[in-house]
Amino acid sequence: MSIDPTINIKADAAEWAGILKQATQSLKQVGGHQHIYLHASGEVGITYPITSPKNAGRETSPALITTFKQIVEITGRFLKDCNSYLQADMRSSLRSLAERQLKEVNVDSSSLAVAQEILLIPVMGKRKSTPLPAEVSAEVNFVMRNAAIVNRSENGKDGVYFIDSVMDDKSIRTVVKLVTNPHIQLTGDKLFQLIGVIVPNSYALDKNSKEAALIKEKLSELIDDEDVKEEFVKNLELSDHFMYTEFIEGCSFGSLPALNRVQLANPQFMKQLGKVILIDVLCGNKDRLAPKTFNPHNIMVAAGKPVCIDNLYIYYHEETSSKKQLLTALLSGEETDPKIIKDLFKRLITEPNKFLAGSSIKETFSDVDFARYNYPDRCRDKSDTQLRQEIVIASKDNREADFITPAVKEARSAMREGIRDAAREILLLSRQTGVMDFLPEEVRDEFAEMMSIINEMEETQ
Amino acid sequence: MSSSVTSNPQKIWLDRLKKDLGIFSPDAIKMIKAYLSKTGLKTKLISILVQMHGETMDSYNEDLKRKYNTIRSEFIKYIDERIVEMISPKECSWIDPWLMLSQVSGDQELLESSLHIHDILFTAQVVIGHQLLKGKDLAVEELHELKDILVESYLKLLKRAAHHESAQKILDELQDTLPKKLVELETSLREEDFEKAKILLQQAEDEMRVSSKALSVLSER
């Protein structure tokens with residue numbers, strides 16, 4: 001089945017939102033991985049991965065620029081409410097690209113406040129919904145009929161809802177969220193499960209199923225807050241599945257007290273975290289441990305172990321090469337820490353809150369605090385300013401070790417070990433017939449390329 | 001073995017609270033706020049814990065974290081005791097005369113009075129035990145309200161339930177001493193004299209226990 005590669009909407013920007021919505025729906029119907037992008041010529045392009053939007057922003061006609069600006073505005077509003085899987089650093093580079101291109105055609109780049117959202121939208125094709133196991137269907141039914149309290153999570157931009165249900169003599173908590181493409185998450189979940197990292201059990205419920213209807217009814221009834229209710233209704237319109245997920249009795253890493261975070265820098269935890277990093281790199285998921293887009297809320301901690309949530313497998317053709325580069329960097333470097341580990345360690349343990357934009361948690365646990373905690377004697381007679389300067393100088397001279405305890409070194413080395421173990425494990429598993437059959441068709445080539453990299457690295461070591 | 005325990009909604013939510021106290025993340029706190037009234041708990045200690053949680057996020061002070069964790073553990077332990085008091089009051093009927101007489105009369109109001117009193121004394125116990133200056137005002141406020149309701153209602157309720165003449169004498173004495181003790185406790189907390197407050201709290205609990213024991217002996221005659 002093919003689709004019209006371009007839809008011309010040169011004159012009428014007002015039609016754009018409707019057309020885009022329609023195009024998104026069509027893409028989901030036909031399956032396969034496509035991009036929707038916007039030409040500055042005023043065309044919306046729908047491509048297969050092999051074709052990238054090279055023509056974006058080349059037209060100079062004032063009329064088209066006006067149309068373009070209108071399109072940007074309308075699309076921005078539309079897409080702001082959509083589930084977009086673009087990660088922050090990708091958005092940022094797309095924004096720079098768009099700004100550069102618009103400068104060429106003399107368009108005020110301030111009108112591009114949301115343009116980074118619209119240039120490239122990965123859409124993984126819709127798959128045949130697998131029938132929900134009878135026992136899960138019964139559970140959903142039971143849980144929702146007995147739902148007593150619903151609350152929106154502090155996290156999750158598209159709305160994550162906790163549901164407390166009272167059954168017999170106990171309460172059960174479940175998590176429900178609205179998604180546009182559950183396969184992205186289910187694929188990521190499966191990879192983690194394969195290497196023994198805990199993920200909550202999730203089931204995708206088609207929005208038209210009877211289970212979804214019950215969830216919709218109960219959530220509409222039990223959400224008290226009017227703003228949350230409004231957001232739910234809006235998300236409901238834009239999504240096509242409910243993700244029904246088991247609740248993990250744990251706390252997100254980002255919500256843990258400072259001292260707990262430090263205490264988790266033990267070899268066992270860090271080794272598991274190393275495994276998480278490897279799978280995240282394979283998945284292209286930057287919404288957790290990637291240094292620039294660090295999000296510690298996607299690591300839960302339960303019984304001292306990491307539990308991964310929101311495990312998205314991000315796939316679009318342009319990203320494959322950067323995934324491969326990252327994987328190579330991660331697996332190389334026997335003696336020195338790859339930069340990603342150093343960066344991550346610093347962010348994860350010493351200053352996680354810097355990255356929690358919009359969070360009520362204040363920045364704490366700076367390098368200075370960390371040094372004071374680890375080296376009380378050395379730091380006792382120094383002011384914060386003095387200590388900060390010493391750390392900066394030590395770091396410039398590659399003498400960070402002056403402020404790093406053996407325990408921290410051990411934790412970093414465990415993290416590295418975890419990365420290697422996970423790579424080896426996933427490689428061995430990928431060689432087994434049928435084990436990777438769950439991978440969507442369009443990501444298999446990419447995955448195979450990454451397995452070759454791991455294989456090469458293994459052979460050279 | 002099948003359970004024959006009748007479903008008790010307050011117990012269900014108290015069990016949930018125990019789990020959420022163990023997690024105490026911003027999401028767990030939000031959920032707690034949504035169902036707290038369903039637990040029947042009268043102590044507002046959660047608000048102090050929320051405050052402390054915020055502080056631990058900003059600090060690597062070992063003492064603060066230890067205190068915060070200890071209070072959560074004490075709270076969980078208290079909830080366990082409260083559940084026993086709610087569903088098997090017989091097992092702890094010696095702790096106060098309200099619980100003792102609720103066993104004799106089956107009066108639900110007496111049981112609720114007892115639960116209320118212990119909830120508030122638990123707040124005081126935590127504030128005193130950890131010398132929580134930030135919890136002082138809360139403990140004072142809760143004790144003040146308790147003293148008023150004790151005089152206006154709970155003590156009268158107790159006297160109505162006790163028919164024995166000697167029992168009335170025991171309760172007269174309690175009526176005379178317990179509210180005073182609570183006022184003194186309130187004052188010592190206001191003055192941040194935690195040592196004195198600790199003794200007064202112990203005395204208040206002892207008085208209730210002694211009255212309960214005495215009533216128990218009378219009811220056995």
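I began with α8(B) and α9(B), which are roughly antiparallel to each other, because angles over 145 degrees count as such, under 35 as roughly parallel, 65 to 115 as roughly perpendicular and the rest as oblique. The axes of α8 (residues 165-190) and α9 (residues 194-220) of chain B come within 9 Å and cross at roughly 165°, with axes fitted to C-alpha atoms over the stretch in contact and angles running from 0 to 180 degrees between N-to-C directions. Helices here are DSSP runs of H or I of at least four residues, and strands are runs of E of at least two, numbered from the N terminus. The residues of the contact of α8(B) with α9(B) divide into 15 nonpolar, five polar and four charged, where Ala, Val, Leu, Ile, Met, Phe, Trp, Tyr, Cys and Pro count as nonpolar, Asp, Glu, Lys and Arg as charged, and the others, Gly among them, as polar.

This is a predicted model, in which local features need pLDDT of at least 70 and side-chain atom pairs pLDDT 80 or more, while totals for chains, interfaces and linings use all residues. Residues are numbered from 1 along each chain as its sequence is written, and chains are lettered from A and ligands numbered from 1 in the order in which they are written.

Next I looked up the chain contact, which takes 23 residues from chain B and 26 from chain A, two residues being in contact if their C-beta atoms, placed from the backbone, lie within 7 Å. On the side of chain B that touches chain A, the elements giving two or more residues are α1 (9-23), α2 (26-39), α3 (45-57) and α4 (62-87) of chain B.

Last, I found β11 (299-302) and β12 (305-308) of chain A paired in the antiparallel sense over four bridges, pairing requiring at least two DSSP bridges. A:M300 has A:V307 as its bridge partner in β12(A).
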